[in-house]
Amino acid sequence: MKIGLSKHAPGLCAIYGPLLNLDKSLDAIFLSWAHQFKALEYSFPQFLAVKHLDRLQYFTSFPHLATFAVTLDRDEDELTRFSHEHKVLENGSLELPKIQPSTHVITPAVCYHAYVEFEGQQFDQPKIITTRGICCRCEDHYVSLERQWTFSMREIICIGTPEEVHNFLNNAKEKVDRFINKLGLNVKWEVATDPFFNPKNNPKYIFQKLEPVKKELVFDNRLAIASTNDHINYFGEAFNLTRNGETLSSGCIAFGMERWLSAIVNTFGEDPNSWPSFNISNA
């Protein structure tokens with residue numbers, strides 16, 4: 001496409017040219033907000049240990065989304081046989097021989113890394129960081145830019161007391177609202193829940209319905225392009241994050257970068273000259 005989008009496979013796209021420039025401009029805005037919070041920027045690995053995700057009951061709540069990192073068994077005879085006899089089928093699939101037990105999952109959400117990074121630490125003031133990474137979620141269908149197997153996520157994460165986290169989330173939401181009002185996108189905040197497996201039988205889903213802790217910024221009544229998430233003390237307990245012996249809360253604001261691109265293209269058209277320009281100084 002002339003805007004800079006190419007499809008490699010279902011759920012896997014490349015962006016370049018105008019779309020990539022738009023992505024960089026948007027991310028510069030989001031990163032500037034992180035800097036206003038004095039957030040330290042991190043770059044995390046693309047894999048997360050299964051032992052850390054299991055601690056969060058991820059494989060109970062989201063088994064349908066997980067993409068595992070697997071490697072072949074290191075037996076030399078097996079590797080020789082595979083190198084000579086492997087066959088890619090017409091549908092593009094490849095049957096694997098014996099594989100090693102999987103120890104890692106491809107990152108489903110970049111904020112998880114923060115809690116692994118700070119496990120067991122005590123904080124005497126709010127800890128705010130930002131990171132951007134490639135996330136991977138296996139979906140039942142894919143739409144370019146809007147629902148992808150791999151996608152980019154920018155997050156700003158706060159670890160602190162419940163009041164500190166609430167203030168952070170409110171301030172972050174206000175920044176988004178001011179930006180959206182200037183931009184003119186057709187969006188609104190809606191109370192939401194995470195995409196749980198078998199949700200009606202999952203106590204976490206029921207809790208989120210009873211105690212709204214997630215809000216999504218929904219474009220055109222159909223596409224969530226950002227979210228605020230109040231984790232209460234869930235990650236604090238799981239990773240022993242404390243202050244003066246008390247378990248801390250956490251929260252984050254997340255931006256789905258490709259979805260923002262889709263929202264802007266759908267609003268302003270495929271001519272890059274019609275897209276809005278961004279100024280960090282007044283965002």
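K173 counts as partly exposed because its relative accessibility is 22%; here buried means under 20% relative accessible area, exposed over 50%, and partly exposed in between (1.4 Å probe, protein chains only). Its side chain meets that of D177 in a salt bridge, 3.2 Å from N to O, where a salt bridge is a side-chain nitrogen of Lys or Arg within 4 Å of a carboxyl oxygen of Asp or Glu. K173 and D177 are 4 residues apart in helix α6, so about one helical turn separates them. D177 is partly exposed too, with a relative accessible area of 24%. Helices (H or I, at least four residues) and strands (E, at least two) are DSSP runs, numbered from the N terminus.

Before we go on, a word about the model: it is predicted, so local features need pLDDT of at least 70 and side-chain atom pairs count only at pLDDT 80 or more, while totals for chains, interfaces and linings use all residues. Residues are numbered from 1 along each chain as its sequence is written, and side-chain values use heavy atoms, with hydrogens and water left out.

Let us stay with α6 and look at its partner. Two packed helices are described by the angle between their axes and the distance between the axes. The axes of α1 and α6 (residues 162–183) come within 11 Å and cross at roughly 145°; such axes are lines fitted to C-alpha atoms, for helices over the stretch in contact, with angles running from 0 to 180 degrees between N-to-C directions. On the α1 side, L26, I29, F30, W33 and Q36 make the contact, and on the α6 side K175, V176 and F179 do. Contact here means heavy atoms within 4.5 Å.

Helix α1 spans residues 17–36, and P18 is found in it. P18 is partly exposed because its relative accessibility is 27%. Leaving aside neighbours within four places in sequence, P18 is in contact with K2, I3, P272 and W275. G236, by comparison, is 218 residues from P18 in sequence and 41 Å away in space, C-alpha to C-alpha.

Now back to charges. A search of the whole structure finds 13 salt bridges. One of them joins the side chains of R222 and E146, at 2.8 Å from N to O. This pair links distant parts of the chain, 76 residues apart: R222 sits in the loop between β10 and β11, and E146 in the loop between β7 (127–136) and β8 (150–160). Which of these two is buried? E146 is, because its relative accessibility is 15%, while R222 is partly exposed at 43%. The side chain of R222 also meets that of D220 in a salt bridge, at 3.5 Å from N to O. Elsewhere, D23, D27, E41, R132 and R154 are linked in a network of salt bridges.

The loop between β10 (214–219) and β11 (223–232) also holds N221. N221 has a positive phi of about 60° although it is not a glycine, and it counts as exposed because its relative accessibility is 57%. Another residue other than glycine with a positive phi, near 60°, is Q57, placed in the loop between α2 (50–55) and α3 (58–61).

Finally, turn to the surface, where F68, V70, V88, L94, L96 and I99 form a nonpolar patch with about 480 Å² of accessible area together. Patches are made of residues with over 30% relative accessible area and no salt bridge, like charges being joined within 9 Å and nonpolar side chains (Val, Leu, Ile, Met, Phe, Trp, Tyr) within 5 Å. Accessible areas come from the Shrake-Rupley method with a 1.4 Å probe, and for residues only the protein chains shown count as cover.
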